[in-house]
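Me: Take a close look at the aromatic rings in this model, please. How do they pair, and where do charged side chains sit over them?

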Amino acid sequence: MAGQKKTAAPGNPLREERDKRLPRIAGPCSMVIFGVTGDLSRKKLMPAIYDLANRGLLPPGFALVGFARRDYADEDFAQVVLQAVKEHARTPFRQEVWDQLAEGIRFVQGTFDDDAAFGTLAQTLKKLDAERGTGGNHAFYLSIPPNAFPVVLEQLSRTGLAKASDAAPGKPQSWRRVVIEKPFGHDLESAQELNALVNRVFPEETVFRIDHYLGKETVQNLLALRFANELFEPIWNANFVDHVQITMAEDIGLGGRAGYYDGIGAARDVIQNHLLQLLALTAMEDPVNFQPRQLQIEKIKVLSATKLVEPLEETTARGQYAAGWQGSERVVGLLEEEGFDPHSRTETYAAITLNVDTRRWAGVPFYLRTGKRLGRRVTEIAVMFKRAPHLPFDQTMTEELGQNALVIRVQPDEGITMRFGSKVPGSSMEVRDVNMDFSYGESFTESSPEAYERLILDVLLGEPSLFPVNEEVELAWRILDPVLDHWAEGGKPESYESGTWGPASADEMLARTGREWRRP
């Protein structure tokens, strides 16, 4: 087979190995999207499916089925998909690719409690198996509010859609998979209930919990940076690292998102999933191999060893953005945003301090922060190194010298920055910080795929490496729940002016240990 070679391992018969440099192409399958008329589907999912088709990574008979209340014929829905593709696709539009994709587009009208509609869905998928050769392989994407999960899962179970049919003689086993968008519950108890609900219908190995940050190329490059290079691993520990800062900052507010965000807040929305996953990848030990289960084992070890630093009134901070200037634009505060309760206690900024109690990281604080209406949009992991124990310079020679740092830039300018001291040109000895940059855009001719492209393809391939499992989700809630309980007993979040870098309490949180936040 093209792209494969035969190798012999000691004591093993010849076996085939896939050439990792060649892309993996999904086999015969379809994807059903519930909530297909929502923003996520229009801006991310449908364009990502087209981009995968455009890159030749979907089978010719791939089918896309939309399920919603709208009264669409198949042709009407195809036009909705086409519009989304033309507005949001990453790759150039090619008519021949679209024509092939459009042949497999179907639409089923109905509500989630409509038994007849799910019967129609079952018939539609059966016809696609016959007409498009999808082979009984179907993924169900739940792009819907969590409170709709129970009824949809029950319908999929009742109609038999969640269960793959037995393989016919000489035919490969078909599969059924479910994709779930965050939030995965709102605390540990609700997460456990949700996991039990999902697993009653879909076995855990067929459940894919989407965390789109894990699909970003730079996040995956963190593993390559650490484990493919001997340069960094010897200093990736408490002997050399002073602390780690993981930041996800946004410059946008929450206008129009009150229905989703009010009552959830920054910690539940970002720290519980995105930032704790980034911490796990930063702090994990090297896996035995890069099989999905081995990666999950190492992440679970880290999350099991991760503890909050106390007292929480000194090691956590929360805030709520007030009116201010975002660039040249005057913006309102959260409590003036449309739809928000003027007495809302929902935080738009959250910061916490964690320790990873392992031999590698003992004594190294991990600072996690996220916020809306901050100075700029940026996500980064900053590994801050200890200062040299002895500097053979006069203090005036190094007064502008900071800490060495390795910064993994996740977005928007994907890459890696190293900060170190260098002599300033001239006759005097003066040492100042300089940066050495690696940028994806400059080093590679092909741009990084959009995160949803990678994740959707992994779902269709049955590749779960980048998806958190039950235990990871529940461990993350065990870490965060005490913070949420502590904040619930306190007063309102501290205000911070839009366009700044958060509340004063967040700066004080680090200042107590003689540290300060990076200003990306």
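Reply: Start with two tyrosines: both Y349 and Y496 are buried (buried is under 20% relative accessible area, exposed over 50%, partly exposed in between, with a 1.4 Å probe and protein chains only). The model is predicted, so local features need pLDDT of at least 70 and side-chain atom pairs pLDDT 80 or more, while totals for chains, interfaces and linings use all residues. Residues are numbered from 1 along each chain as its sequence is written, and side-chain values use heavy atoms, without hydrogens and water.

Rings of Phe, Tyr and Trp (its six-membered ring) pair if their centres lie within 6.5 Å; planes under 30 degrees apart are stacked, over 60 edge-to-face, the rest tilted. The count is 13 aromatic pairs. F34 and F118 are stacked, because their centres are 5.8 Å apart and their planes at 15°. F34 is in strand β3 (residues 30-34) and F118 in helix α4 (residues 115-131), so this pair ties together parts 84 residues apart in sequence. Here helices (H or I, at least four residues) and strands (E, at least two) are DSSP runs, numbered from the N terminus. F34 is buried at 0% relative accessible area. F118 is buried too, at 0%.

Back to the tyrosines. The rings of Y349 and Y496 have centres 5.9 Å apart and planes at 65°, so they are edge-to-face. Y349 lies in strand β14 (residues 349-356) and Y496 in strand β20 (residues 494-497), so the pair ties together parts 147 residues apart in sequence.

Ring pairs also link F34, F67, F112 and F118 into a cluster.

Now the charges. A charge sits over a ring if NZ of Lys or CZ of Arg is within 6 Å of the ring centre and within 35 degrees of the ring normal. K86 has its charged end over the ring of F93, 5.2 Å from the centre. R373 lies over the face of Y321, 5.9 Å from the ring centre.
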